[in-house]
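These are my notebook entries on a structure that I examined. I began with overall dimensions and then turned to contacts.

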Amino acid sequence: MSSIVEVTHLRKLFPVKKGGLFDRQEKFVHAIDDVSFTVERGEVLAVVGESGCGKSTLALTLMGLERPTSGVIQINGQNIATLKGKEIQVVRRHVQMIFQDPYESLNPIMTIADIVAEPLKVHGLVKNKQERQERVIRALEDAGLKPALNFMHRLPQELSGGQRQRVVIAGALVLEPELLIADEPVSMLDVSIRAEILNLLLELRQMRGISIVMITHDLGTVGYVADRIAVMYLGRLVEIGPALQVLQQPHHPYTRALLSVVPVPNPRQRRERVILQGETPNPINLPPGCRFHPRCPVAQPRCQETDPMLQPVAAAHEAACLLLSSG
Amino acid sequence: MSVTDLSTDFLLESAPPAHALVNVSFTLREGEVLGLVGESGCGKTTLMLSLMRLLPANGRITSGTVNFMGQDLLDLGENAMADMRWKHIAMIFQGAMNALNPVQRVGDQIAEAIVQHNYIQEKGVVDGRVAELLDLVGIGPERRRQYPHQYSGGMRQRAMIAMALACNPQIIIADEPTTALDVMVQAQILELLDTLRQRLGLSILFVTHDLGVVAEMCDTVLVMYGGVTVEYASVDTIYNDPQHPYTRELLRAFPDLSRPTEKLASIPGHPPRLNALPPGCRFAPRCPAVFDRCHTEQPALHQVKLGHWASCHLVERM
């Protein structure tokens with residue numbers, strides 16, 4: 001069977017206001033620059049990177065909320081970049097998003113039942129009240145809010161953070177999507193309930209065969225949930241591969257540095273940390289050559305000239321670094 | 001600083017007061033980093049505000065002492081306490097984005113912190129001090145005249161740290177100083193705090209929910225839950241010989257990159273609300289090792305061994 005998502009040479013540029021009267025050259029923010037990857041059915045792909053790396057733009061483009069500048073995004077074999085109006089609605093029904101903040105993404109004056117039922121109304125999917133009720137109940141229970149009747153008539157403020165995030169998930173499930181895009185789904189939650197939500201996502205994948213693209217900056221948790229990890233830096237994929245391999249044998253210097261600074265909850269385990277100085281450069285004036293070279297601890301002169309492409313480093317594992325090819 | 005039996009209530013309309021903080025004790029030595037760990041509603045913010053005496057109008061400190069520099073901070077008059085803040089105890093807040101004034105140059109804001117608290121008055125000397133502070137936290141002198149919006153999140157947090165250091169305090173209370181930052185920027189800020197601790201002999205009360213950061217930064221750890229001390233010990237003991245079930249569960253729920261295949265545990269239920277606390281042990285409703293006594297009687301803090309305290313009926317039985 002074909003992949004649920006197939007992204008090829010995706011680019012998304014945002015024009016920036018011109019500097020002044022005489023500054024005629026138009027400038028762009030290179031949010032996503034030539035990114036290709038696939039998501040298989042039932043797979044969890046984690047997209048990891050720091051703020052400004054383009055991961056949120058990627059999520060919005062996958063949702064069809066931002067139009068790509070160029071490239072192809074096929075969802076279920078349909079290129080969503082060329083679809084219009086109604087057609088895009090149909091595809092979007094199969095792709096749902098879970099946002100980061102369960103405190104702000106729920107309307108405080110709507111009951112839980114109304115919140116979860118709203119997508120059904122928007123998409124005009126149910127014929128009568130009873131069918132709507134049934135689907136809402138099923139979505140709530142699948143999201144772990146059991147029995148659903150205990151929650152349906154409550155307001156968001158009466159629920160805990162974890163329960164609210166389950167409501168957000170139920171709101172996505174009610175449309176029976178094939179792909180969930182989860183943008184930092186647990187970063188606002190208490191540590192003790194994060195695992196619950198992550199385990200719920202894994203259960204949904206098992207039960208419904210849903211594919212999940214998880215956008216996160218938290219490398220600590222991705223190993224528990226993701227099948228594959230894609231690391232982004234300044235709009236580019238710098239490494240992609242099976243989760244355990246990327247975590248245990250990272251090839252790209254950026255991935256290595258990122259992993260080395262994730263705090264380990266054990267004071268007896270001290271590792272060599274590679275703290276990159278400075279911050280991710282501005283995505284308007286990209287450095288020439290490899291865009292990581294100004295901060296790369298192992299950069300060489302040729303890194304300033306040649307922009308490296310992804311190349312295989314192990315089975316199903318690719319990284320974009322010039323040093324890899326020289327062995 | 002030595003804190004003994006500190007308790008704080010919040011007075012509520014049409015309800016009995018909420019006991020947000022009950023009998024918390026700890027010692028913060030010179031150059032020590034104490035991690036204050038807990039989830040939302042565990043009382044860590046209340047503790048911090050009580051120490052600084054910055055509680056909201058309905059907050060009341062009901063018992064305890066805070067000994068610092070030979071006096072009880074809770075006995076000080078408002079003016080004396082105001083003098084204590086900044087000059088001896090300073091705070092770094094979580095929202096570096098919102099804690100800076102958006103329409104004032106960063107250098108001027110730091111200068112203002114110095115002048116306002118009567119640390120130095122002469123203009124020339126203040127300028128010198130601002131330059132020194134910026135250098136200390138790794139902000140280039142050319143950025144002194146910039147505004148907060150021209151700073152990235154990490155730079156703003158550095159500016160906040162410079163401001164906290166303005167009057168050369170002995171103690172820094174850092175409230176989730178890296179929570180909103182990316183891991184690489186977080187690593188930079190933690191490295192900076194560690195350097196400052198060594199160079200200036202600072203004591204830091206590090207408030208966080210991130211057990212990874214605690215393991216890397218702290219010497220001792222105080223774990224809180226529902227307003228009480230759950231466990232208090234050296235960082236090595238907390239991670240390698242935790243006695244309280246909550247500490248153990250919290251550690252199991254925290255992702256560890258060094259063992260990524262293990263299943264991540266969760267603690268069923270959610271932290272208690274301070275106005276609806278269970279009658280016995282506050283962790284009883286979620287505790288995997290709960291027994292009858294836990295539902296009726298609150299456990300006291302027992303000494304497990306020298307420098308290791310835990311409040312659990314199971315520890316007492318041992």
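I took the radius of gyration over C-alpha atoms, and the globule rule as 2.2 Å times the number of residues to the power 0.38. With 327 residues, a compact globule would have a radius near 20 Å, and chain A agrees at 21 Å. The model is predicted: local features need pLDDT of at least 70, side-chain atom pairs count only at pLDDT 80 or more, and totals for chains, interfaces and linings use all residues. Residues are numbered from 1 along each chain as its sequence is written, while chains are lettered from A and ligands numbered from 1 in the order in which they are written.

**Chain A.** I found that the C-alpha trace of chain A spans about 65 × 55 × 45 Å along its principal axes. I noted 11 helices and 12 strands in chain A, as DSSP runs numbered from the N terminus (helices H or I, at least four residues; strands E, at least two).

**Interface.** I looked up which residues are in contact, that is, have C-beta atoms, placed from the backbone, within 7 Å. On this basis 39 residues of chain B touch 36 residues of chain A. H7(B) gives the largest share of the chain B side, six residues. That side divides into 20 nonpolar, 11 polar and eight charged residues; Ala, Val, Leu, Ile, Met, Phe, Trp, Tyr, Cys and Pro count as nonpolar, Asp, Glu, Lys and Arg as charged, and the others, Gly among them, as polar.

Notes: Two residues are in contact if their C-beta atoms, placed from the backbone, lie within 7 Å.
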